[in-house]
Amino acid sequence: MMYALWTAVMILAVLCVANAMLAMGVIRRLREHTERLNALYERPAGGPPPAVQPGETVAGFEPGAPLPERTLIGFFSPTCAPCKKLAPGFAELAATMGREQVVAVIAGFPDDTGTLRELLDPVARVRHGGPDGGPLAEAFKVEAFPQVFLLDAGRTVLAAGHTLDDVLAATHG
């Protein structure tokens, strides 16, 4: 009986040590992944800004027709939670401007853009940009979603940002 008890204690001790080693390995991996994710969000000093800034002219942006006096452009992704929160407000603002003054770019595959497209299509000219946003996102240097821009007829950025507040004052100004 005593041998069975000692054997059980030894097996339990080995299992506890193995469990502790596995837990330490998981913790180490989580730290590595956290560092990698943080590095993705950090931009090296002196690097390019994340998008075109107010006052810059957007090169390579060809909307297919002359731009009206002011054009509102929004970049969205169907998998982005902030995009889903911003889209209804963007659609409201777009409705006050008129469809010809608004362009909405949805990054992603056409099959995945259903809800955003249904919301934005009545008030904006909707463009699909592929998973990375496509040529329009490249022209605007968009690397994160959502992004909202207000342009004048000469393709100069009047306002830019990740929220409607960033462009709202310039829209009515």
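The model is predicted: local features need pLDDT of at least 70, side-chain atom pairs count only at pLDDT 80 or more, and totals for chains, interfaces and linings use all residues. Residues are numbered from 1 along each chain as its sequence is written, and side-chain values use heavy atoms, with hydrogens and water left out.

**Exercise 1. State how many helices and strands the protein has, and in what order the elements run.**

Step 1. Helices (H or I, at least four residues) and strands (E, at least two) are DSSP runs, numbered from the N terminus.
Step 2. The protein has five helices and five strands.
Step 3. Read from the N terminus, the order is α-β-α-β-α-β-α-β-β-α.
Step 4. Of the 173 residues, 34% count as buried, where buried means under 20% relative accessible area, exposed over 50%, and partly exposed in between (1.4 Å probe, protein chains only).

**Exercise 2. Describe the span and the bend of helix α2.**

Step 1. Helix α2 covers residues 81–97, which is 17 residues.
Step 2. From first C-alpha to last, α2 reaches 25 Å, close to the 24 Å expected at 1.5 Å a residue; the expected span is 1.5 Å times one less than the number of residues.
Step 3. At A87 the helix α2 bends by about 35°, and the proline P88 follows within four residues. The bend is the angle between axes fitted to the seven residues ending at a residue and the seven starting there.
Step 4. Just after α2, G98 has a positive phi of about 105°.

**Exercise 3. Find the salt bridges and explain which parts of the chain they join.**

Step 1. A salt bridge is a side-chain nitrogen of Lys or Arg within 4 Å of a carboxyl oxygen of Asp or Glu; by this rule there are three.
Step 2. E32 and R29 meet at 3.4 Å, N to O. These two residues are three apart in helix α1, separated by about one helical turn.
Step 3. K141 and E56 form a salt bridge with their closest N and O atoms 4.0 Å apart. K141 lies in the loop between α4 and β4 and E56 in the loop between α1 and β1, so the pair ties together parts that are 85 residues apart in sequence.
Step 4. R99 and D121 form a salt bridge at 3.3 Å between the closest N and O atoms. This pair links distant parts of the chain, with R99 in the loop between α2 and β2 and D121 in the loop between α3 and β3, 22 residues apart.

**Exercise 4. Name the residues that make the nonpolar surface patch, and say where V9 lies.**

Step 1. Patches are made of residues with over 30% relative accessible area and no salt bridge: like charges are joined within 9 Å, nonpolar side chains (Val, Leu, Ile, Met, Phe, Trp, Tyr) within 5 Å. Accessible areas come from the Shrake-Rupley method with a 1.4 Å probe; for residues, only the protein chains shown count as cover.
Step 2. M2, L5, W6 and V9 make a nonpolar patch of about 440 Å².
Step 3. V9 lies in helix α1 (residues 2–41) and is partly exposed, at 43% relative accessible area.
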